[in-house]
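Here is a short report on a structure. Please look through the sequence and the model, then read on.

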Amino acid sequence: MKNFIYLSLLACALTFTSCDDDPEVENPEELITTVIATLSGGDTPDVVLRFEDTDGDGGNEATITGGTLAANSSYSLELQFLDESTSDVEDITEEIAEEDDEHQVFLAFGGLNATWTYNDQDGSGNPLGLSTTVTTGDAGTGTLTITLIHEPEKSASGVSEGDITNAGGETDVEVTFPVVIE
Amino acid sequence: MSNTIYGIVWLFVLSSLTTAAQEECNTTIAGKILDQSTGAALSYANVFIEESGAGISTDSTGFFLFKNQCRGHLHMSITHIGCEEEYLHLEIESDTLLAIYLNHTHHLIEELDVTGRYEAVILEESSVITSQKIKDRQDKSLGNQLESISGVRVIRKGAGLAKPIVHGLTGNRLTILNNGIAQSGQQWGADHAPEIDPLVAQKISVLKGVGSLEYPGSNLGPVLVVEPSNIKLEPHIHGQINYSFNTNGRGHTINSSIQQHQENQLAWRLNLTAKKSGDSKTAEYFLNNTGVQELNAALQLEKSYSDNWFIDFYTSTFNTEIGILRGSLIGNLTDLGFALEAEEPYYTEENFSYSINAPRQLVSHHLAKVQVKKYIDDDTWMTFKAAFQANNRREFDVRRGGRSTTPALHLLQYTSFTEFKYHTNFSRDWAFKIGYQYNFIDNNNVAGTGNLPLIPNYVSHEQGIFFNLTKSNERLEYSVGSRLDYRYQSVATFPLSGPTELVRYQNRFANVSGIAGIKYLISKRQSFLMNLGWASRSPGINELYSQGLHQGVSGIEEGNIDLDIERSLKTSFSYSYDNGSNFQFQALSYLQYIDDYIYLNPTGELRLTIRGSFPVFRYIQTDARLLGLDLESNIKITEQIHLELKYSNVIADDLDRDLAIIDIPSHKLSSSIQYEVAKAIELRKTRFENLKIELNHEYNARQNRVLDSQDFTPTPDAYSLVGLSVTSNILLGNQRFRSYISIDNLFNVSYRDYLNRLRYFADDLGRNIVVGSKWSF
């Protein structure tokens with residue numbers, strides 16, 4: 001009987017381990033906080049569209065800067081993806097360029113008279129979209145949505161022409177800018 | 001209690017007939033096989049003597065006779081349709097007459113203690129899956145095994161991830177006991193399957209009543225019990241090897257167990273399981289990246305000292321890697337919209353593959369348990385239990401920059417549990433049980449995932465005391481019990497708003513539970529059982545603190561630190577009728593109110609992130625009502641043809657908002673017709689015994705109580721599945737095998753199930769043929 005109680009106490013004591021470990025600060029390595037789309041062309045100064053959410057999802061709201069394009073003009077659009085969550089700003093664009101066959105950018109105009117085409121290719125000759133050409137038509141007010149897809153099915157129907165419908169994959173970035181053509 | 005045997009056989013060596021024979025091998029062994037509950041003779045029971053390879057069937061009076069058997073050790077196995085196979089070890093010195101009782105009963109409510117000493121349990125309606133049934137479908141995971149019990153359904157994420165839901169309760173609300181120890185891991189996740197190998201179990205049961213108060217964790221209702229049997233006294237090493245192949249997924253499963261129990265020696269049993277399967281297939285296409293690999297082992301040791309001390313030790317390791325359908329990994333709502341439109345999931349390939357890539361889960365669960373039991377006298381005993389669990393869960397997502405091999409979620413949880421229990425029977429018909437439990441959990445995020453943790457680090461101390469008092473006489477049995485729990489949690493988390501600032505919370509929860517039950521035997525054939533239980537549950541860690549994006553759910557999940565305890569009042573009523581020969585019927589109905597029921601509610605907010613907009617879900621509380629019915633009936637149409645019918649339904653309502661609760665199954669009706677060939681069939685030198693052909697059908701109704709606005713798509717249509725199986729014991733020369741062929745979804749129907757989380761993306765499984773064989777030695 002006595003032995004039994006000792007045994008019980010011993011096992012209880014063994015289990016009263018105190019472990020108050022704090023979680024380590026994780027550095028979200030894949031975070032993209034900022035999208036910068038620079039449209040340059042013709043004689044007009046560059047138009048820079050920006051989406052910034054430096055504290056990631058939640059917290060403070062994102063700031064979105066739209067832009068105004070000239071009617072009936074052609075622009076070259078260069079994209080930049082950044083992680084600005086820490087003071088050590090990381091350029092994610094390089095990572096995307098390195099894994100070009102696993103990424104593709106799609107543009108979509110909402111309510112605007114404009115078209116676009118790919119300007120770059122991945123290693124297998126499929127479009128990538130870090131660089132595109134945008135051609136504006138008549139004046140109007142609307143939006144430009146830029147989507148970055150990770151692991152799209154580039155060979156699926158319409159995908160290499162810039163149709164996102166059959167692309168599959170995961171959306172890494174989907175941002176919408178207010179854009180005016182005048 | 002894990003040390004339970006479910007009385008199958010009582011062996012009585014009645015007498016020795018004649019005097020010892022002169023020669024070594026001219027002994028006669030004869031006997032009668034009888035039904036334990038009715039005493040009726042069992043004809044066509046198959047008796048097999050391993051040493052001589054002799055096998056015969058009993059005649060219409062249950063009688064069998066072997067001539068010219070050798071003296072000495074003898075291993076006899078007895079099979080009869082509807083019974084578990086029974087093995088006996090005999091020392092034959094002279095001609096012997098045996099009376100062997102087999103238990104035919106499917107429903108077992110009372111437990112028998114290891115020494116045969118009776119222990120009263122809380123009155124519960126339970127359903128049992130027997131060892132043979134588990135082994136005849138060894139390709140199935142624990143969740144899928146449980147589905148054969150009425151009232152139990154399964155929440156799935158593809159073929160490999162199956163999580164039971166009993167009477168509408170799952171996850172944090174469902175207690176799973178593995179070997180008498182509450183399974184402790186990341187139960188909160190809808191895609192986190194229980195980390196238990198069903199092939200170690202000799203018995204899986206579901207206590208379906210209002211809840212048992214003996215166990216820590218949720219006492220809201222159902223308890224799922226997975227337990228191995230005690231190791232039978234038998235001087236030789238014995239074991240079995242069971243191999244099966246299933247066509248859907250081209251899966252191989254091999255399980256082996258080996259054991260020995262010599263009188264007064266340490267008894268041991270070792271169990272090993274290995275599984276590998278690849279891409280499963282719907283009726284039309286492969287589900288890419290849905291392979292499963294599993295490697296499990298368990299060791300069980302038992303020893304008794306001086307007839308009063310019993311010590312048993314159990315340790316197990318469960319390791320699995322599960323692929324998740326590649327096409328089910330989506331980014332935002334736009335992606336989900338595309339996926340819902342698509343005919344086939346994205347990334348569907350023409351070819352089958354065994355390879356498992358991201359998204360996938362890598363999960364290990366280890367358990368070690370020791371139990372000491374001391375008898376003070378025949379009516380009084382004490383048990384002490386200590387258990388340690390480690391759960392290591394890694395989940396991998398498709399990520400950029402070669403990070404797919406770095407887990408996106410990595411949680412390590414340690415749990416230690418100690419229990420002290422005292423049991424006594426007094427003044428003839430009273431039984432009293434009291435116990436104390438302490439459970440300690442240490443949950444850690446392992447650094448290096450490159451993601452903000454979905455749930456925080458925490459430690460939890462939980463202490464509980466319980467008692468139970470039972471009075472039973474011949475026809476009436478009453479039981480009352482109560483339980484007190486106190487939980488202290490210390491939590492450290494990074495809020496989403498400022499990932500570098502650590503926030504700490506201290507939580508204290510006290511829970512009180514109470515239960516009262518009455519069981520009345522109206523007659524020899526009818527009985528009813530009524531239970532009333534009051535219980536409460538502390539909010540789960542995910543409900544309080546989860547934060548972030550849930551892959552596959554396409555929503556931002558937010559915990560709520562203001563959540564309060566859930567309080568439940570449940571009453572259950574069950575009635576059973578058995579006419580003693582060809583008709584059995586059981587009905588169980590229950591009504592449960594849960595005040596402050598915690599659920600994930602869409603807030604209506606769309607949060608704009610750089611990956612697009614996501615709906616925000618937040619844990620809130622409401623009042624819920626669950627109303628359910630389980631029916632089960634067995635009808636013997638003739639001696640050879642049996643019919644089994646099962647029906648279950650749950651109606652779950654959110655009373656505050658006047659809406660149905662989501663993720664609750666609808667009506668299910670299953671029926672099975674079994675044709676048993678009682679007489680052994682001889683084909684050349686092969687003998688087929690206990691040949692059974694079963695045709696089954698299940699109808700799953702559409703969950704049409706859920707509104708279209710409560711989900712991304714309307715709930716899937718009703719569907720029917722037909723299955724066929726043939727089982728037999730085959731005697732081939734000196735060896736005996738149990739063999740089986742089963743076909744699921746015989747007509748290769750395309751369907752989607754409401755409880756399968758892949759239903760947004762893909763059809764459910766197509767036809768699957770399983771062939772397997774078990775060899776005992």
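How many bridges join E7(A) to strand E10 of chain A, and how do the two run? Eight bridges join E7(A) to E10(A) (residues 140–150), and the two strands run antiparallel. Within this pair, A:Gly110 has A:Thr143 of E10(A) as its bridge partner.

## Basis of the model

This is a predicted model: local features need pLDDT of at least 70, side-chain atom pairs count only at pLDDT 80 or more, and totals for chains, interfaces and linings use all residues. Residues are numbered from 1 along each chain as its sequence is written, chains are lettered from A and ligands numbered from 1 in the order in which they are written, and side-chain values use heavy atoms, with hydrogens and water left out.

## Chain A in outline

Chain A has two helices and eleven strands. Helices (H or I, at least four residues) and strands (E, at least two) are DSSP runs, numbered from the N terminus. Along the sequence the pattern is α-β-β-β-β-β-β-α-β-β-β-β-β.

Of the 182 residues of chain A, 48% are buried. Buried means under 20% relative accessible area, exposed over 50%, and partly exposed in between (1.4 Å probe, protein chains only). Among contacts in chain A with a separation of 6 or more, 63% link residues 24 or more positions apart. Contact means heavy atoms within 4.5 Å. Chain A exposes about 8500 Å², and carbon and sulfur atoms supply 48% of that area. Accessible areas come from the Shrake-Rupley method with a 1.4 Å probe; for residues, only the protein chains shown count as cover.

## Strands of chain A

E7(A) and E10(A) belong to an open sheet of four strands, in the order E4-E11-E10-E7, with mixed pairing. Strands E4 (67–69) and E7 (103–110) of chain A are the edges, and each pairs on one side only. The twist averages 30° from one strand to the next. Two strands pair if DSSP finds at least two bridges between them. Axes are lines fitted to C-alpha atoms, for helices over the stretch in contact, and angles run from 0 to 180 degrees between N-to-C directions.

Strand E9 (residues 131–136) of chain A is largely enclosed by the rest of the structure, because five of its six residues are buried. Five bridges join E9(A) to E5(A), antiparallel. Here A:Ser74 stands opposite A:Thr135. Five bridges also join E9(A) to E8(A), again antiparallel. In that pair, A:Thr117 has A:Thr133 as its bridge partner.

## Nonpolar cores

The largest nonpolar core has 38 residues; A:Leu79, A:Phe81 and A:Ile146 touch the most other members. Such a core is a set of buried Ala, Val, Leu, Ile, Met, Phe, Trp, Tyr and Cys residues joined through side-chain atoms within 4.5 Å. Elements of chain A that give two or more residues include E1 (34–40), E2 (47–52), E5 (74–83) and helix H2 (92–98). E11(A) gives the largest share, five residues.

Setting aside neighbours within four places in sequence, the contacts of A:Leu79 include A:Val35, A:Ile36, A:Val105 and A:Ile146. Another core, of 18 residues, lies apart; B:Ala45, B:Phe64, B:Leu90 and B:Ile100 are among its members.

## Chain B against chain A

Helix H3 (residues 333–341) of chain B has three buried residues: B:Asp335, B:Leu336 and B:Ala339. They lie on the same side of H3(B), because they cover an arc of only 100° around the axis. The arc is that of the directions from the helix axis to the C-beta atoms. The cover over these buried residues includes E10 and E11 (170–181) of chain A.

## Details in chain B

All of strand E13 (residues 152–157) of chain B is covered: six of its six residues are buried. One side carries B:Val152, B:Val154 and B:Arg156, the other B:Arg153, B:Ile155 and B:Lys157. Six bridges join E13(B) to E14(B) (residues 161–166), antiparallel. B:Val152 stands opposite B:Val166. The two strands form a hairpin with three residues between them, and B:Gly158 in the turn has a positive phi of about 80°.

B:Arg759 sits in the loop between strands E45 (735–744) and E46 (768–776) of chain B. Is B:Arg759 buried or exposed? B:Arg759 is buried, because its relative accessible area is 9%. Beyond residues up to four places away in sequence, B:Arg759 touches residues including B:Asp711, B:Thr713, B:Arg752 and B:Tyr754.
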